[in-house]
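Here is a friendly walk through one protein model, with an eye on its charged pairs and its surface. Have the viewer open as you read.

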Amino acid sequence: MPVKNVTRNTIIASRSRIADSAVKRVVGLMFSKPTEAAMILKFPKDTSISLHTYFVFFPIDILLVDGRLRVVELVPAMQPFTTYSSKSRASYVVELPAGTIKKTRTKVGDEIAFLRIVERKLENGRSITVCKA
């Protein structure tokens, strides 16, 4: 699922994985290798969030996004084996490769969209791929 900054019309991540259970959110990127894919931690509602990078052996950028899909907080280059407590309430945490916030010029207040990829078959037998919010 691509992640788009609607405000700036930029793709933040072309691929992502969703962690939508408590266990998946705790494990997150632990013991993984650096990748261009985003990890989206999904919470049931806007809440204060505590994060850690225990056993994440590379720095990551963090976007905290509320239920209205607005960026409420940015954490650039969170270092391995550190913790962070959000100052704002959020429903999503988007973990990205370090440098993504700067590269995409993402700012607090920007609108984010989680795009889904839909393949459509045409009458002539061909198919097209479309991204939808």
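## About the model

This is a predicted model, in which local features need pLDDT of at least 70 and side-chain atom pairs count only at pLDDT 80 or more, while totals for chains, interfaces and linings use all residues. Residues are numbered from 1 along each chain as its sequence is written, and side-chain values use heavy atoms, with hydrogens and water left out.

## Salt bridges

How many salt bridges does the structure hold? There are three, where a salt bridge is a side-chain nitrogen of Lys or Arg within 4 Å of a carboxyl oxygen of Asp or Glu.

Let's begin with R8 and D110, whose side chains meet at 2.8 Å, N to O. R8 sits in the loop between β1 (3–5) and β2 (10–13), and D110 in the loop between α2 (100–104) and β10 (112–114), so this pair ties together parts that are 102 residues apart in sequence. Helices (H or I, at least four residues) and strands (E, at least two) are DSSP runs, numbered from the N terminus. D110 is buried because its relative accessibility is 3%, whereas R8 is partly exposed at 27%. Here buried means under 20% relative accessible area, exposed over 50%, and partly exposed in between (1.4 Å probe, protein chains only).

## Two further pairs

R68 and D66 also form a salt bridge, at 3.7 Å from N to O. R68 is exposed at 66% relative accessibility, while D66 is buried at 7%.

In the bridge between R70 and E111, the closest N and O atoms are 3.8 Å apart. R70 lies in the loop between β6 and β7 (71–78) and E111 in the loop between α2 and β10, so the pair links parts that are 41 residues apart in sequence. R70 is partly exposed, with 30% relative accessibility, and E111 is partly exposed at 30% as well.

## A nonpolar surface patch

Which residues form the nonpolar patch on the surface? They are Y54, F55, F57 and F81, with about 410 Å² of accessible area together. F55 is found in the loop between β5 (50–52) and β6 (60–65), and this residue is partly exposed, at 37% relative accessible area.

Patches are made of residues with over 30% relative accessible area and no salt bridge, with like charges joined within 9 Å and nonpolar side chains (Val, Leu, Ile, Met, Phe, Trp, Tyr) within 5 Å. Accessible areas come from the Shrake-Rupley method with a 1.4 Å probe; for residues, only the protein chains shown count as cover.

## The loop at D20

D20 is in the loop between β3 (16–19) and α1 (22–27) and is partly exposed, at 47% relative accessible area. D20 and L41 are 21 residues apart in sequence, yet 6.1 Å apart in space, C-alpha to C-alpha.
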